[in-house]
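Subject: Structure handover

Hello,

I am passing on the structure we spoke about. Please look through it first; my notes follow below.

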Amino acid sequence: MADDNKNPLDVLEELLNQSGGGAGTGGGKVTASANEAEKVKEEAEKKLADELVEQRLEFEQQQAEQGVVDEIKLVEQREAITKIKDSEEYKARVQQDTDKKVDEEKKIVATDGFEIDQLDHKKV
C-alpha cells in the first residue's frame, strides 16, 4: 500500500535496480523485468482466485452443515409440539375452557324468563 504513494519514476528506478540493470543497461533488461513483474502479478491473481474458490467451498460446506443442524432442530421442535397435546397442563387448560363455557351457558339459561319488559305508555 505504501507503493501507491510513491512517485512512478521512483518505482521504475527500484525495479531497474532490482533487476541488476542501471541507467546504462539496454532495454532488454527492462522488458525482462516487466515480464517478471507481469508473471508475479499473474501468479498473485491466480493464488487469490484459488483462495477465493477455497473460501467459497468452505462457506458452502458450512451452510450445508448448518442446514443439517437446522433440520434436526426442526424435527425436535415438531415432536415437542405434538407432545403438548398429551401433557397434563394442556388437558387441564382444555378442561378449564370447557367448564367456563358450560358455566356461561348455565347462567344464560338461568336468567331466561326474568327479563323486564317495559310497556309503552302515552302521556295525556
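Which element supplies the largest share of the lining of the largest pocket? The answer is H2, with seven residues. Please keep in mind that this is a predicted model.

The overall fold first. The protein has three helices and zero strands, and along the sequence the pattern reads α-α-α. Helix H1 covers 8-18 and helix H2 covers 27-84, while helix H3 takes in residues 88-110.

On confidence, the average pLDDT of the protein is 84, and 88% of the residues score at least 70. Among the elements, the lowest mean pLDDT, 85, belongs to H1, and the highest, 91, to H3. Where pLDDT is low, the predicted coordinates should not be read in detail.

As for the surface, the protein has 124 residues, of which 3% count as buried.

The volume of the largest pocket is about 310 Å³. The lining is made up of 12 residues, and those closest to the centre of the pocket are Leu15, Ser33, Ala34, Glu36 and Ala37. H1 and H2 each supply at least two residues of this lining. By type, the lining of the largest pocket holds seven nonpolar, three polar and two charged residues.

Regards

Definitions and conventions:
Residues numbered from 1 in each chain as written. Predicted model: local features only at pLDDT ≥ 70, side-chain atom pairs only at ≥ 80, totals over all residues. Heavy atoms only, no water. 1 Å grid on protein atoms, 1.4 Å probe; cavity = no way out; pocket = protein on both sides within 12 Å on 5 of 7 lines; lining within 4 Å. Points joined across faces, edges and corners; volume = space filled by probe spheres on them. Helix = DSSP H or I, 4+ residues; strand = E, 2+ residues; numbered from the N terminus. Nonpolar A, V, L, I, M, F, W, Y, C, P; charged D, E, K, R; others polar. pLDDT = per-residue confidence, 0-100. Buried < 20%, exposed > 50% of the residue type's maximum accessible area, 1.4 Å probe, protein only.
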